[in-house]
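Have a look at the model first, and then we can walk through it together.

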Amino acid sequence: MRYKKLAAVLLAGVMGGTMLLGGCGTRINQDAVAATVGDKEISLGYLNFVAHYSQITYDSFFLSYYGEDYWTSEDYVDEDGLTMEESVKAYVLEEVELQYLLEAHMDDYGVEITDEDMEAIAAAAEEFMSENTDEAIKAMGATQEYVEDYLYYNTVYSRMEEAIEAEADGQLSVDDYARRTFSYMEIDTVGYYDDDDEYVEYTDDEREALITNLELIAVLAAADFDGTAETYEYDVSTYSYGDDEAAEDDGGFCEAVIAAADTMAEGDVSEAIEGTDCYYIIRLDSEDDEDAQEEAYEDALDTLKDEIFTEVTEGYQEDSDFEVDEDLWAKVKFTSLFSIDNTEEDEGSVSE
């Protein structure tokens, strides 16, 4: 699983104001060892805090839509038969396991957490604790130590991710991602939206008349592409492609359009090109779109980095001896509900 870099942002958001809606939480033995990774012991208290901190994010999005029982409601069971609570708790375990595994491999990549880092982490954790009410702190299961640990392991994750993904450097060349860009009108030959925004299918006669008229539209477009599109109320979109363009069946653009674009010079406008239930008229805007090329290269590089990071971390997880005390972990329940309140008056505080 690839984790998003949200932790630091979300922590700042919680310090920006979180309101506890209700619930009294579940009493747990915070010092009990709930999981182990190798010789590292993870307390139930820490896992409880990470779980509830993750819960806050979900509550801020889903509570107003799904209602206060959505964590355990059968209405929101996933494809694996897990309730929302069970699913998020499973994610938390994977998240924590991976963070501990990444820490264990820091020396492999020369990654360090400096004294200055730890001072900044301690200061941020102290601010978090001071900005939130005792009631909210209790509901989250937060302590200075847990917040520091959370920030520490997220820093480890970020540094390790950067170091592992650096293996992608030099593996790709921007020259391999040359791009041609065209603008296009897509003319639906099945139907149209009327004045009431209702989709109406063409009759056979209307469709035949439309297709016959496309030759004239293409001629007009050759003289004034954008003006013709505006006259006939067709949207104009752009598309960039290169030698790595996927087949149409695999998500690529209409193959007939790509073939036509390959034969065109910059500024040329095509005749009407038949697609699936539509026709296209295109204008080649650039034979060598440097911006699109750079974007395609960056996208490919990001994909490669993701693949490298996933391969490395999945290898760590395959060799992991992560063990969880399921009975202890079952005691963590999302019985308190949270919502983000970032009003200026309440900024920096948490109230119950």
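Which residues are linked in a network of salt bridges? They are D226, R283 and D285. Please keep in mind that this is a predicted model.

**The network**
- Within the network of D226, R283 and D285, the side chains of R283 and D285 meet in a salt bridge at 2.8 Å, N to O.
- R283 counts as buried, with 18% relative accessibility, because the cut-off for buried is under 20%.
- D285 has 26% relative accessibility and counts as partly exposed.

**A bridge between helix 3 and strand 3**
- E103 and K40 form a salt bridge through their side chains, at 3.5 Å from N to O.
- Because E103 belongs to helix 3 (residues 84–104) and K40 to strand 3 (residues 40–43), this pair ties together parts that are 63 residues apart in sequence.
- E103 is buried, its relative accessible area being 15%, whereas K40 is partly exposed at 35%.

**A bridge between two helices**
- D117 and R159 form a salt bridge, and their closest N and O atoms are 3.0 Å apart.
- D117 sits in helix 4 (residues 115–131) and R159 in helix 6 (residues 144–165), so the pair connects parts that are 42 residues apart in sequence.
- D117 is buried, with a relative accessible area of 16%, while R159 is partly exposed, with 30%.

**The sheet and the helices on it**
- Three strands make up an open sheet in the order 3-2-10, and their pairing is antiparallel.
- Strand 3 and strand 10 (323–324) are the edge strands, each of them pairing on one side only.
- Strand 2 (residues 33–37) runs antiparallel to strand 3, and four bridges join the two.
- T36 stands opposite E41, a residue of strand 3.
- Helix 2 (residues 44–66) packs on the sheet, where it touches strand 2 and strand 3; the direction of helix 2 makes about 60° with that of strand 3.
- Helix 3 also packs on the sheet, touching strand 2, strand 3 and strand 10; the direction of helix 3 makes about 145° with that of strand 3.

How values were computed:
Residues are numbered from 1 along each chain as its sequence is written. This is a predicted model: local features need pLDDT of at least 70, side-chain atom pairs count only at pLDDT 80 or more; totals for chains, interfaces and linings use all residues. Side-chain values use heavy atoms; hydrogens and water are left out. A salt bridge is a side-chain nitrogen of Lys or Arg within 4 Å of a carboxyl oxygen of Asp or Glu. Buried means under 20% relative accessible area, exposed over 50%, partly exposed in between (1.4 Å probe, protein chains only). Two strands pair if DSSP finds at least two bridges between them. Contact means heavy atoms within 4.5 Å. Axes are lines fitted to C-alpha atoms, for helices over the stretch in contact, and angles run from 0 to 180 degrees between N-to-C directions.
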